[in-house]
Amino acid sequence: MTMTFQQRALSDILTRSKRINLRNKCCRDVFQCLSFSSPLTLNQPTRTTARPSSSLPCQTNTTNRSISAKTAFRQFRIGNDVMFARNSPHDQQHHNHVLQQVSFSTSAMENNDDDDTNASSSSTSHRYTLQRRSGIRNVAIVAHVDHGKTTLVDELLKIASSSTSSTTTPSESSSPSETDNPAHLNRLMDSGELEKERGITITSKVTRLDYASPSGTRAVINVVDTPGHADFAGEVDRILSTVDGVVLVVDAGEGPKSQTKYVLGRALSLRLVPIVVLNKADRAESLGRLENGETELEVMDLFEALGAEGDQMEYRTLFGSARGGWVTESVEAALKVAEKGGSSDGVEGVMTMRGLLDAILEDIPAPAVHWYGDDDRKGEQLVEKEPQDFDGQPFSMTATTVGYDNFLGRTCTGRIYSGKIQSGDSIALLRPRTDNDDDNPSNGPTAQISGVFANRGVSRVPLDPPVAYAGDIVTLTGVPESMKVGDTLTSAGNRVPVAVETPPLAPPTLSCLFGANNGPLAGKEGTIVTSSKVRERLIKETDNNVTLTVEKCESDAEKTVVLGRGELQIGILVEQMRREGYEMIITPPQILTKTCPDTGKKLEPYEEVVIDVDAEYSGSVVNALTGARKGVLVEMMDDKQGKTRMKFEVPSRGLLGFGPEIATFTRGTAVMHHCYLEDREYAGNMIIGSDKGKLVANDSGKATLFALESLSARGTLFVAPGDMVYPGMVVGENNKSGDLEVNPVRAKATSNMRTQSKDEKLYLAPPKRMSVEELIGYMSEDEVIEVTPLSVRLRKAELDAGVRERAARTKKKQMEALKANKK
């Protein structure tokens with residue numbers, strides 16, 4: 001028999017109560033609320049279409065309604081007199097670490113009570129209040145990697161396109177776009193070349209949906225597709241300030257993962273309204289977790305651990321399948337679809353993705369905007385303003401994405417916070433405020449807007465008429481050339497008093513040195529080879545990639561320091577540059593450390609690592625991460641499918657090169673995800689990496705099959721016959737410790753001497769090819785990666801074998817001296 005949510009919640013409470021012998025009033029009250037004798041349906045809070053009656057984006061109307069099952073369950077779980085046995089002091093400390101990471105000064109955000117209700121400046125005439133813009137919703141789709149965000153956006157595009165196909169959108173022209181042919185929508189938002197190749201979302205993108213609900217209500221829904229990989233979490237950080245709610249997509253068969261915790265924590269700290277979608281509910285592996293409510297309870301635990309407020313805990317939960325194109329609020333209906341092998345035909349209570357769009361219109365509030373004028377609110381209720389009401393208001397907009405168009409010039413995409421903008425208006429640039437700035441806005445460059453565009457799918461469509469109002473997310477052309485992400489645009493003649501503040505970003509965790517290619521093959525495959533051009537390209541990348549920091553190297557003027565969030569982010573940047581014709585070298589990554597201002601101790605970044613692996617390899621994973629890599633096992637649990645899920649807290653430097661290593665000793669069955677946690681005390685010296693040495697070429701030329709066949713017995717080869725090699729280039733991995741000088745260009749002697757093996761056919765296994773991000777974690781301290789448009793090579797930083805040998809002897813003597821001093 002299928003259990004309802006109340007029954008599953010009561011069963012969980014009974015189990016936990018028996019474990020810790022709870023006998024208090026809180027427990028009895030919850031039992032009464034969730035008892036089977038007085039059934040309680042899991043209805044969502046009373047909702048209105050606009051929900052303008054609150055000064056907070058997430059507040060719902062709870063007047064004269066009975067307590068919901070989620071609220072009752074939460075009151076039991078977080079009661080002051082109740083403490084679950086599973087909540088150890090270590091768990092509480094870990095939750096505090098997460099809250100410290102995802103929270104920031106809410107007084108700087110636009111959705112706060114005090115500062116946003118009565119924002120002040122040096123002139124009292126510029127005080128603003130919060131109001132709402134009618135007829136529009138701004139929502140972000142957030143999730144862990146590969147949980148179905150982009151596929152879900154495709155389905156929303158199809159439904160919105162079909163809902164308005166019979167009418168013409170008054171705010172946009174009839175220019176064709178990808179959404180006009182829904183049959184060809186397949187991960188449309190992943191439009192980049194690398195995104196299509198790797199199947200991941202790298203940059204945040206916004207698309208505009210014109211939706212007509214079954215009741216006849218027409219609204220504009222701006223949907224933001226965000227990356228799910230931790231290395232691109234900065235894309236999520238900058239885009240959440242433009243929306244008023246999030247759709248949290250969770251794989252029903254996997255449950256919340258590390259990046260799910262990060263993006264949800266950010267959203268809750270901004271007090272955004274959440275909607276939870278348990279995706280892939282039609283799969284067989286989701287059946288058991290949905291039936292016993294395991295995924296729902298994990299999501300609820302995550303909300304509580306991240307400090308969700310009472311109104312945020314009243315989130316709507318939908319079950320569905322983005323690929324199947326259906327959604328439902330009934331877990332029983334989702335289970336029936338799963339039992340039927342994914343077919344939703346004839347199942348009562350199952351809707352198309354129109355149900356999710358309707359939920360967005362009902363739950364997500366209209367965007368909060370800045371109103372510079374008389375406060376006409378009634379109590380705490382925010383008044384909804386029509387577009388024409390913003391005439392005469394000062395214009396302000398923050399940039400979340402900047403770019404360049406060969407025909408239109410500099411472009412800027414962002415959310416309008418106040419006033420209106422139209423083609424031909426004069427605007428001025430305001431830089432973000434710092435602690436040393438006064439209250440007066442700085443006089444930035446001015447420009448004239450040449451166009452106002454909206455994004456439909458991945459197409460940029462001009463608005464007709466070319467005008468946008470507060471609450472819209474649009475793209476402007478003709479903005480100042482010095483425009484950067486986080487800057488504010490305002491009217492040149494009617495300025496806002498200060499720049500709109502944006503949330504801070506998580507700090508970078510590692511650094512690499514970029515320089516010009518100085519190898520023997522430099523300039524033969526690429527067109528852009530100088531260090532100045534490489535530095536210019538890296539600086540240009542920081543205009544839009546806000547999580548990257550570029551600095552000049554103090555020790556080597558020809559090199560540039562790049563600070564990033566992870567190996568994948570650096571690897572994606574290098575791959576983009578090599579496809580543009582650049583040649584460069586990259587040094588081994590260095591983890592960034594800092595000094596605690598209070599204790600003076602050295603701190604380094606830690607990350608939370610979640611690994612799903614076959615149970616037979618769980619011991620190997622634990623040994624690998626808790627040994628030399630200084631990790632700590634936090635949680636470990638098994639499932640019925642023979643899989644083990646383990647959660648670790650590991651120093652970031654302990655994860656360098658761990659991806660290929662874990663794939664090797666688990667035979668490719670491990671799935672690893674990690675996310676930045678916090679800075680902690682330095683864990684001490686860490687000796688990691690492969691014990692095996694490298695096969696280093698000692699001659700130049702093209703590698704031959706004859707030479708490589710004999711070298712294949714000594715290790716794993718990285719080159720194939722015909723590849724160009726030179727002295728100092730790494731051509732393979734040695735089976736033994738220590739580097740070995742080899743000759744991969746040796747050819748078979750051409751003479752009249754006959755041998756027994758003359759006519760034998762040579763066989764050679766395919767070489768091991770590694771991507772840039774794999775090589776970043778694999779290379780040793782004395783090696784660099786040489787990147788060209790055609791090749792990615794690993795070589796020694798010092799090509800001369802004699803110099804390397806003398807340096808190795810010197811280093812050995814130094815290590816022996818250190819050991820002697822310790823004794």
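Modeller: Arg-793 counts as buried, at 6% relative accessibility; here buried means under 20% relative accessible area, exposed over 50% and partly exposed in between, with a 1.4 Å probe and protein chains only. Its salt-bridge partner is Glu-525, and the closest N and O atoms are 2.9 Å apart. Such a bridge is a side-chain nitrogen of Lys or Arg within 4 Å of a carboxyl oxygen of Asp or Glu.

The model is predicted, so local features need pLDDT of at least 70 and side-chain atom pairs count only at pLDDT 80 or more, while totals for chains, interfaces and linings use all residues. Residues are numbered from 1 along each chain as its sequence is written, and side-chain values use heavy atoms, with hydrogens and water left out.

The pair Arg-793 and Glu-525 links distant parts of the chain, 268 residues apart. Arg-793 lies in strand S39 (residues 792–796), whereas Glu-525 lies in the loop between strand S22 (510–515) and helix H14 (531–541). These elements are DSSP runs numbered from the N terminus: helices are H or I with at least four residues, and strands are E with at least two.

Strand S39 also holds Lys-796, a residue that is buried at 1% relative accessibility. Lys-796 belongs to a network of salt bridges together with Lys-694, Asp-739, Asp-782 and Glu-783.

Lys-647 in strand S30 (residues 643–651) and Glu-635 in strand S29 (residues 632–638) are twelve residues apart, and their closest N and O atoms are 3.6 Å apart in a salt bridge. Lys-647 is buried at 19% relative accessibility, whereas Glu-635 is partly exposed, with a relative accessible area of 34%. In the salt bridge of Glu-285 with Arg-283, the N to O distance is 4.0 Å. Here Glu-285 is partly exposed at 43%, and Arg-283 is partly exposed at 38%. By the rule stated above, the count comes to 43 salt bridges.

Disulfides present another picture: a search of the whole structure finds zero, a disulfide being a pair of cysteine sulfur atoms within 2.5 Å. Among the cysteines, Cys-412 is buried at 1% relative accessibility, and Cys-596 is buried with a relative accessible area of 16%.

Elsewhere, eight strands form an open sheet with antiparallel pairing, in the order S16-S15-S21-S12-S13-S20-S17-S18; two strands pair if DSSP finds at least two bridges between them. Strand S16 (446–448) and strand S18 (459–462) are the edge strands, and each pairs on one side only. Within the sheet, strand S13 (residues 409–418) pairs with strand S20 (residues 473–477) over five bridges in the antiparallel sense. One of the bridge partners in S20 is Thr-477, which faces Thr-411 as its partner.
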